[in-house]
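Have the sequence and the 3D view open side by side.

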Amino acid sequence: PQVDSANAGRVLASDAAVFLKKSGLTDLVLGKIWDLADTDGKGILNKQEFFVALRLVACAQNGLDVSLSSLNLPVPPPRFTDTSSPLLLSGTASSDVPWAVKLEDKAKYDAIFDSLNPVNGLLSGDKVKPVLLNSKLPVDILGRVWELSDIDRDGMLDRDEFAVAMSLVYCALEKEPVPMSLPAALVPPSKRKPISVPGAMPLIPSSTSTKESHQSLPPVGILAAKTPLTQ
């Protein structure tokens with residue numbers, strides 16, 4: 001029989017899903033977290049299981065593997081942001097965390113960036129792809145590297161985003177797992193200020209394909225979204 005949902009000690013799958021989504025993690029990762037936490041597969045978490053889920057969210061956000069063995073590792077508490085904010089990352093990365101990309105590494109990444117002939121300070125996916133593939137890492141890992149480093153989701157990498165991508169590739173080559181969501185310390189300082197442009201929301205269309213969205217957006221809108229970063 002279904003456990004009475006009015007019983008306060010239980011969390012239903014549907015309620016938990018809404019809450020866990022605010023962690024900014026992908027559905028794939030959240031599904032894995034749920035499977036590990038919902039030990040008896042009933043689709044309901046008791047208090048203990050819900051704490052396990054929260055702990056796994058924290059692990060994923062801090063670049064640790066989503067597995068029961070990570071539960072004993074020390075991690076900061078999970079971060080949840082209001083999903084209605086246009087840029088999830090800008091809410092989570094506090095501006096005073098030093099950037100994890102070291103200066104001497106940044107100089108190396110900048111040199112590679114410049115050698116790829118960026119246009120208006122941006123590299124398209126086509127130009128970045130050969131560099132990523134060159135690392136000989138599995139394609140699914142490289143896909144995640146791209147997802148994490150294209151912080152403003154415009155299908156292009158700027159100098160800082162490219163440094164994030166390179167940094168993640170080098171971590172993966174050192175056999176460190178690529179995190180499921182970008183740790184606060186890796187978010188470039190230039191991306192940490194919440195962008196307050198009126199109408200910033202429609203600039204990040206999730207449902208329409210990128211082709212359509214580029215046609216429907218006036219170029220001015222794209223420029224307006226970029227300007228606060230350069231001030």
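## A helix wrapped by its surroundings

Helix α3 is largely enclosed by the rest of the structure, because eleven of its 15 residues are buried. This comes from a predicted model. The buried residues of α3 are E49, F50, V52, A53, L54, L56, V57, A58, C59, A60 and Q61. What covers them? The cover includes strand β1 (10-12), helices α1 and α2, and strand β2 (44-46).

Now look at the two ends. After α3 comes G63, with a positive phi near 80°.

## A buried serine in a loop

S23 sits in the loop between α1 (13-21) and α2 (27-37). Is S23 buried or exposed? Its relative accessibility is 6%, so S23 counts as buried; the cut-off for buried is under 20%.

The side chain of S23 has a polar atom 3.3 Å from the backbone nitrogen of L25. Beyond its neighbours within four places in sequence, S23 is in contact with L30, V57, Q61, R79 and F80.

Two packed helices are described by the angle between their axes and the distance between the axes. Take α7 (residues 139-149) and α8 (residues 159-173). Their axes come within 9 Å and cross at roughly 150°. The crossing is right-handed.

Which residues meet? From α7 they are I141, L142, V145, L148 and S149. From α8 they are E161, V164, A165, L168, V169 and A172. Sorted by type, the residues of this contact are nine nonpolar, one polar and one charged. An α-helix has 3.6 residues a turn, so residues three or four places apart point the same way.

L148 belongs to helix α7. Its relative accessible area is 10%, so L148 is buried. Leaving out residues up to four places away in sequence, L148 touches L168, V178, P179, M180, S181 and L182. Of these, L168 is a residue of α8 that takes part in the helix contact. L148 and E161 are 13 residues apart along the chain, and their C-alpha atoms are separated by 8.8 Å.

S149 is also found in α7. With a relative accessibility of 0%, S149 counts as buried. A polar atom of its side chain lies 2.8 Å from the backbone oxygen of V145. Setting aside neighbours within four places in sequence, S149 is in contact with L157, E161, V164 and A165.

Most residues other than glycine have a negative phi, and most peptide bonds are trans.

N117 is not a glycine, yet its phi is positive, at about 55°. N117 lies in the loop between α5 (103-115) and β3 (122-124). Its relative accessibility is 54%, so N117 counts as exposed; the cut-off for exposed is over 50%.

K175 is another residue other than glycine with a positive phi, near 70°. Where is K175? It is in the loop between α8 and α9 (210-216). At 72% relative accessibility, K175 counts as exposed.

## The whole chain

Now step back. How many helices and strands does the protein have? There are ten helices and four strands. From the N terminus on, they run β-α-α-β-α-α-α-β-α-α-β-α-α-α.

The protein has 231 residues, and 38% of them are buried.

Definitions and conventions
Residues numbered from 1 in each chain as written. Heavy atoms only, no water. Axes fitted to C-alpha atoms, helices over the stretch in contact; angles between N-to-C directions. Helix = DSSP H or I, 4+ residues; strand = E, 2+ residues; numbered from the N terminus. Left-handed = near helix turned anticlockwise from the far one by under 90°. Contact = heavy atoms within 4.5 Å. Nonpolar A, V, L, I, M, F, W, Y, C, P; charged D, E, K, R; others polar. Buried < 20%, exposed > 50% of the residue type's maximum accessible area, 1.4 Å probe, protein only. Polar contact = N/O pair within 3.5 Å; in protein donor to acceptor, adjacent residues only side chain to side chain.
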